[in-house]
Amino acid sequence: MEKSFAVDAPGIRRVLKAGEEAAKKNLKIAGGLMSRHYQPLEDAVARIHDGLIGEVITAWAYRVHGPVGYAAKPADVSELAHQIRNYSCFTWLNGSFLLDWLIHNLDVCCWVKNGWPVSAQGQGGRQVRTETDQLFDHYAVEYSFADGTRLFAQGRHQANTWGFFGDIIHGAKGSAVLGEGISEPKIYKGYRQTAENQVWQYQGPPCNHYQKEHDLLFAAIREDKPYNETERCAYAAMTGILGRMAAESGQEITWEQALASNVELAPGLDQYTLDSDPPVKADELGRYAIAMPGITKVL
């Protein structure tokens with residue numbers, strides 16, 4: 001299965017239930033969070049867990065780059081097909097830029113922390129984007145973990161702006177640069193990430209994480225070994241959903257509140273056909289409704 005896995009809490013609960021049923025049937029389930037199977041990153045995280053940078057105290061997840069494209073609707077294409085073709089631009093299809101585009105680095109930060117956030121607050125909006133879709137062009141979300149440490153996530157897609165794609169991790173005595181977008185993760189003493197402060201870099205053979213995730217799945221099938229990534233993938237997606245809910249509503253929201261939400265972005269989705277109407281439609285000016293912090297309800 002591939003991310004976004006689900007775009008709202010009812011969808012996450014459905015995925016989790018399906019994963020439980022799969023386990024009962026001894027089915028093998030792989031999810032597209034391929035960063036978990038990138039050997040250089042696996043080795044870096046293992047060293048962090050072994051204490052190389054001390055206790056992890058803060059993490060930053062970034063995906064900031066140029067604009068996400070949007071194609072106008074051709075006259076001979078249905079509204080549903082138009083939105084599916086532009087799935088990155090409609091929240092009911094991709095779950096937002098924060099979930100669809102930033103999920104890998106949110107997942108890596110939670111992997112480094114060995115836990116999932118307990119709450120989030122944040123903000124976002126459309127500052128420069130003029131396309132008529134639903135997509136915020138910037139997000140900033142602060143997550144809290146059970147031990148009080150924080151994860152700060154930035155998502156932005158605007159032209160002519162600073163770009164970075166990766167994670168920065170700070171521990172009590174060192175730091176790391178890693179995550180999706182960082183092909184050569186590195187660990188440093190202290191917080192100035194310079195060559196003279198580097199204390200670790202991967203020295204092993206090359207790794208294609210897309211290939212490795214398939215190798216692991218196929219080996220589990222052939223050898224009939226337990227293999228089920230459903231829960232981890234669902235919780236990584238829930239982390240993105242929690243952040244979107246906090247940013248779109250402007251409220252601080254707990255993990256429990258978010259996961260218990262019954263708000264569905266596409267009610268009755270399992271009954272859709274290619275002739276169905278999508279759950280969002282353009283107004284008379286061709287614009288689609290966007291979330292409004294302080295107004296939009298997410299619980």
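Analyst: Two strands are said to pair if DSSP finds at least two bridges between them, and the model to which this is applied here is a predicted one, in which local features need pLDDT of at least 70, side-chain atom pairs count only at pLDDT 80 or more, and totals for chains, interfaces and linings use all residues. Residues are numbered from 1 along each chain as its sequence is written, and side-chain values use heavy atoms, with hydrogens and water left out.

User: What makes β7 and β8 a pair, and in which sense do they run?

Analyst: Strand β7 (residues 186-189) is joined to β8 over three bridges in the antiparallel sense, which meets the requirement because a pair needs at least two. Within β8, Gln198 is the bridge partner of Tyr188, and Gln201 is the bridge partner of Lys186. Lys186 is also the bridge partner, in β7, of Val177, and β6 and β7 are themselves antiparallel, with four bridges between them.

User: Why are β8 and β9 called edge strands?

Analyst: The sheet is open and mixed in its pairing, with nine strands in the order β8-β7-β6-β5-β1-β4-β3-β2-β9. Each of β8 (198-201) and β9 (253-254) pairs on one side only, and they are the edge strands of this sheet. In total the protein has nine helices and nine strands, where helices (H or I, at least four residues) and strands (E, at least two) are DSSP runs numbered from the N terminus.

User: How do you know how compact the protein is?

Analyst: Its radius of gyration is 20 Å, which is close to the 19 Å that the globule rule gives for 299 residues, so the protein is as compact as a globular protein of that length; the radius is taken over C-alpha atoms, and the rule is 2.2 Å times the number of residues to the power 0.38. Along the principal axes, the C-alpha atoms fill a box of roughly 60 × 45 × 35 Å.

User: What makes His170 count as buried or exposed?

Analyst: His170, which is found in strand β5, has a relative accessibility of 19% and therefore counts as buried, since that class covers values under 20% relative accessible area, while exposed is over 50% and partly exposed lies in between (1.4 Å probe, protein chains only). Leaving aside neighbours within four places in sequence, the contacts of His170 (heavy atoms within 4.5 Å) include Glu55, Trp60, Tyr191 and Gln193. Over the protein as a whole, buried residues make up 50% of the 299 residues.

User: What makes α6 largely enclosed by the rest of the structure?

Analyst: The count is 11 of the 11 residues buried, so α6 is largely enclosed; among the buried residues are His104, Asp107, Trp111 and Lys113. Helix α6 (residues 103-113) lies across β1 (56-65), β3 (138-144), β4 (150-157), β5 (164-171) and β6 (174-178), and runs at about 170° to β1. Helix α6 is followed by Asn114, which has a positive phi near 60°.

User: How do you know how α6 and α8 are oriented to each other?

Analyst: They pack at an angle of about 110°, with their axes 9 Å apart, where axes are lines fitted to C-alpha atoms, for helices over the stretch in contact, and angles run from 0 to 180 degrees between N-to-C directions. The two helices are therefore roughly perpendicular, the name for angles of 65 to 115, whereas under 35 degrees is roughly parallel, over 145 roughly antiparallel, and the rest oblique. In this contact, Ile103, Leu106, Asp107 and Cys110 of α6 meet Arg232, Ala236, Ala237, Thr239 and Gly240 of α8, and by class there are five nonpolar, two polar and two charged residues. Here Ala, Val, Leu, Ile, Met, Phe, Trp, Tyr, Cys and Pro count as nonpolar, Asp, Glu, Lys and Arg as charged, and the others, Gly among them, as polar.

User: Why is α1 described as roughly antiparallel to α8?

Analyst: The axes of helix α1 (residues 9-24) and α8 come within 9 Å and cross at roughly 175°, and that makes α1 roughly antiparallel to α8. On the α1 side Ala9, Ile12, Val15, Leu16 and Gly19 take part, and they meet residues of α8 including Tyr235, Met238 and Ile241; the contact divides into nine nonpolar, two polar and one charged.
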